[in-house]
Amino acid sequence: MTPATPKRLSVVGRAQRSLRRLSRVEVTALCGVAALLILAVIGPWIAPHSATTGELSERLLSPGTGRWLGTDENGIDILSRLLVAPRTDVVVALVATAISASVGAPLGILIGFFEGGNRRGAKLLGEGTLRLLDVVQAFPVFVLALVLVAVRGPSIVNIIAAIAFVNAPVFLRLARSEMLSLRERRYAEAARAAGNSDLSIAFRHLTPNALAPIITQISVTIGFAILLTAGLSFLGAGVRPPTPELGAMISTGAKYLILGQWWPSVFPGIALGLMVFLFATVGVAIVRLLEPASRSAAGGADRADAGVPEPLTPAVAPVGAANTEIQALEPAYPPGPPDRNDDAPDVLAASPLRSLVEDALTAPDPHGREIVLRVSDLTVEAGSGPGARPVLSDISLTLHAGEVIGIVGESGSGKSMLVRALLRILPEGTRVRSGEVNFADRDLYALDAAALRRLRGHDLSAILPDAKSALNPVIRIGTMLEAAIRAHRKVNRSEARAIATGALEGVGIQDAERRLKAYPHELSGGMAQRVCIALSLLHNPMLIIGDEPTAGLDVTVQRQVLDLMATVINERTAAQLIVTRDLGIVAHYCQRVAIMQGGRIVEAGPTKDVLLRPQHRHTKELVSASEHGHAIGTPRPHAEGSLV
């Protein structure tokens, strides 16, 4: 049965629904700021009296004596001046904050994104900028602004420039700190693996996730800029009378407080505090309105799989049946504590098993298929100098077109590090010490950044673990797909949209147009994994590397996803490398398998031979753990009660 098409809400309806997510204080702040902005435009036209000239005969009239809020020492109506003052205070604060944010935030994003990288110029620029900021921020903000205005003169332009100058470092440091965290997220790694440029990753994929604190800081800074403008005027270094400005009004009216004439300074003081409060509060409200929310039009997680077709008929039994098959064909190996010395890397390097492993993974293809990937003696180390330690040691393997190889190992065995080395997205602080990664007759580590970016996501694609974290949480699915398409093809938006729709339909997602408008949190785990598969297959890659492609999914959805991958990849004769901890997946979907431990491949060969006749002690442990229903990489009880 086809689900009913959800009713579209009008603009007013969507606005009402969004406002219901806010508290009363936040709604009041939004309305108050809107009123202030309107007042900054129409204030001079609605003021009942002149805001710059008055009658000396009417000076210091108390509130209610013909004037609602009284008059000041020059006989000017205070209400009229308060209605006109936002044109000065609010406009100065908005312009100054816009300049400081537009200069500081992009610089912070660039510095944070490239900090600690391999680009010497970017590192020097970032370090020099941060040291300069240390000098600037060593001075009190108000004192520095006061000095700058005093040197240049108390004009509106100079006040704006001074406020922008003292606030720009705040945005720079905030954006930098956010970017240092965001660049390590899984979706940043996925964007890099898809072939996006560094600037695209920084500004298109990561910056939207940093908008919440930046928007909040903007609202706070606007309030602070209003205070700073008022403070400068209070000291006589800011806006000069008779221009209506709250700080100047407070300053001129303060001397009459001792005479009991409080209204010339109290009313402007209340207005100043209210303006600062409204701008400080509205930032939180705007952030909440911008957060992607579950929408009935896009379907929530509980409905995300509605309408998905029946799973493809598997060519083999379900994944979970592999353990039973292995157990029936070969007696289980009794669990016992391993002899750690037998598996030490130096012993393995000197043993005949090393050559057997290399032969099994680098042997010529009996079907004569071309070599897609060749890894030769790859060693990756973490750290530098005498303290450097290897995290991958002497990895060698060959992958042919249309072949599927499984990489199996417990947590910490180096599987994910191998994936990152093959994609050339190694974490900061690690480097390739020796060896080669040759993809399609090209040495990946000899390519420049532009050539490497053309390969990633196009010829060399990846499915990273945990689909939800690999999808950018604040970007719609369609936007992500379009970005990946336009990173490698010269097409317009409508053409990219059509390709994206076809990609989702190709992985079994019905109503693809509606799914393109969804955010990742509106998809179930299985649906999100299908989107990741669609992303990896956009450009018909020669090699797909799946790092725990079904992690976190239940067994039924795992089978659907893996069957889908196998069917689509077989149709395109792509090679595939599956990294997993599940021997059942390897038994059903891989022609060859390599077992990893401690950053080395300790055993390799045809899948059936390795799983039914394991030679290495660690392989026997993994097979035994799988037969007894324990997940690889998790502790299992030993016969004597200890944990292995």
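**Close-up 1. Strands S7 and S8 run side by side.** In this predicted model, strand S7 and strand S8 (residues 575–580) run parallel and are joined by 5 bridges. Two strands count as paired if DSSP finds at least two bridges between them. Strands (E, at least two residues) and helices (H or I, at least four) are DSSP runs, numbered from the N terminus. Look for Ile544, which stands opposite Gln576 in S8. Residues are numbered from 1 along each chain as its sequence is written. Local features need pLDDT of at least 70, side-chain atom pairs count only at pLDDT 80 or more, totals for chains, interfaces and linings use all residues, and side-chain values use heavy atoms, with hydrogens and water left out.

**Close-up 2. Strand S7 also meets strand S6.** S6 (residues 460–463) and S7 (residues 543–547) pair in the parallel sense over 4 bridges. Leu460 has Leu543 as its bridge partner in S7, and Ser461 stands opposite Ile544.

**Close-up 3. Which residues lie on each face of S7?** Leu543, Ile545 and Asp547 are on one side, with Ile544 and Gly546 on the other, and all are buried. Here, buried means under 20% relative accessible area, exposed means over 50%, and partly exposed lies in between (1.4 Å probe, protein chains only). In a regular strand, side chains alternate between the two faces of the sheet. Strand S6 is covered on both faces too: Leu460 and Ala462 are buried on one side, Ser461 and Ile463 on the other.

Close-up 4. Trp262 and Trp263 form an edge-to-face aromatic pair, 5.8 Å centre to centre with 85° between the planes. Rings of Phe, Tyr and Trp (its six-membered ring) pair if their centres lie within 6.5 Å; planes under 30 degrees apart are stacked, over 60 edge-to-face, and the rest tilted. Trp262 is partly exposed at 38% relative accessible area, whereas Trp263 is buried at 7%. Ring pairs link these two and Phe267 into a cluster.

**Close-up 5. The largest cavity holds about 300 Å³ of space.** Among the 22 residues lining this cavity, the closest to its centre are Ala190, Ala191, Ala194, Ala470 and Leu535. A cavity is a set of points on a 1 Å grid over the protein atoms alone where a 1.4 Å probe fits but cannot get out, and lining residues have an atom within 4 Å of a point. Points are joined across faces, edges and corners, and the volume is the space filled by probe spheres set on them. Helix H8 gives the largest share of the lining, 4 residues.

Conventions: On a 1 Å grid over the protein atoms alone, a cavity is a set of points where a 1.4 Å probe fits but cannot get out, and a pocket is an open set with protein on both sides within 12 Å along at least five of seven lines; lining residues have an atom within 4 Å of a point.
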